[in-house]
Amino acid sequence: MGEYQDNSLSSRVFQKLRNDILEGKYKEHEELRENTLGKELGVSRTPVREALRQLELEGLVTIIPNKGAYVTGISTKDVNDIYMIRSTLEGLCARWATENITEEQLDALEETMIISEFHAKKEGNGCAEQMAQLDGKFHSILYEASNSRILCRVLMDFHKYVQQARKTSILSEERARKSIREHRQILRAIKEQDADTAEQLANEHILHVIENLKRQGLTETE
């Protein structure tokens, strides 16, 4: 699930289509027509065709010979699998962040927490959207603080792949507030340089997200 690093035109088209699929612009089984996409993006069919092939390698598109390319999307099983893997990797990330985090990153996490706690006291969809963005920011800072380029890239990709489910989860006000409290506990453990506790709390945090997604029918139940 690594990022496609080439800076060519097909790479830029790939990134655009990839983001659009992950953000829900294109629905599962929807056909992606080369001509239509080329006109929308202002490019020829060649970079679109190359981008679609790359998307097929990532499992986001299925190309049927002599018929066309169709969105595969992210299934509820995919979401469940990703979160289960994340529960382990987020714990590892928190451990490594405890060992490698800088003062600047600690300050950024604290600032994110303060703003999150402020929005948690308010009501309305606008605040929920803010909390969703702040949730992503908290995790992104942790990923960078792990000081592992590979782990950061993998976790950021996972974040993108379950973006819609993650947004829906955090938009639940009760879950959003619990999530913020869990973030605060993780940050406290990191500040206290307690890597074992930070790892355990980060692991449990993602497991709680899975439970919430199952209640909402956004991932598979046992």
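1. Just after helix H2, Gly 42 takes a positive phi of about 70°. The model is a predicted one, in which local features need pLDDT of at least 70 and side-chain atom pairs count only at pLDDT 80 or more, while totals for chains, interfaces and linings use all residues. Residues are numbered from 1 along each chain as its sequence is written, and side-chain values use heavy atoms, with hydrogens and water left out.

2. The secondary structure of the chain comes to ten helices and three strands, where helices (H or I, at least four residues) and strands (E, at least two) are DSSP runs numbered from the N terminus. Read along the sequence, these elements follow the pattern α-β-α-α-β-β-α-α-α-α-α-α-α.

3. Of the 222 residues of the chain, 47% count as buried, a word that stands for under 20% relative accessible area, with exposed meaning over 50% and partly exposed in between (1.4 Å probe, protein chains only). Among the contacts (heavy atoms within 4.5 Å) with a separation of 6 or more, 71% come from residues 24 or more positions apart.

4. The three strands form an open sheet in the order E1-E3-E2, with antiparallel pairing; two strands pair if DSSP finds at least two bridges between them. Strand E1 (31-32) and strand E2 (61-64) stand at the edges and have a single partner strand each, so one side of each is left without a neighbour in the sheet. E2 and strand E3 (residues 68-71) run antiparallel and are joined by four bridges, and the bridge partner of Val 61 in E3 is Val 71. Helix H3 (residues 45-57) packs on this sheet and touches E1, E2 and E3, and its direction makes about 115° with that of E2.

5. Which residues of helix H2 (residues 34-41) are buried? They are Glu 34, Leu 37 and Gly 38. These residues cover an arc of only 100° around the axis, which puts them on the same side of H2; the arc is taken from the directions from the helix axis to the C-beta atoms. An α-helix has 3.6 residues a turn, so residues three or four places apart point the same way. The buried residues of H2 pack against helix H1 (9-22), E1 and H3, whereas the face turned away from the buried side carries the exposed residues Lys 39 and Glu 40.

6. The axes of H1 and H3 come within 8 Å and cross at roughly 55°, axes being lines fitted to C-alpha atoms, for helices over the stretch in contact, with angles that run from 0 to 180 degrees between N-to-C directions. H1 and H3 are therefore oblique to each other, since angles under 35 degrees count as roughly parallel, over 145 as roughly antiparallel, 65 to 115 as roughly perpendicular and the rest as oblique. Among the residues that make the contact are Leu 9, Phe 14 and Leu 17 of H1, together with Val 48, Glu 50 and Leu 52 of H3.

7. Glu 50, which lies in helix H3, is partly exposed, with a relative accessible area of 38%. The C-alpha atoms of Glu 50 and Leu 9 are separated by 9.6 Å, although these residues are 41 residues apart along the chain.

8. The axes of helix H4 (residues 76-100) and helix H10 (residues 195-215) come within 7 Å and cross at roughly 160°. That angle makes H4 roughly antiparallel to H10.
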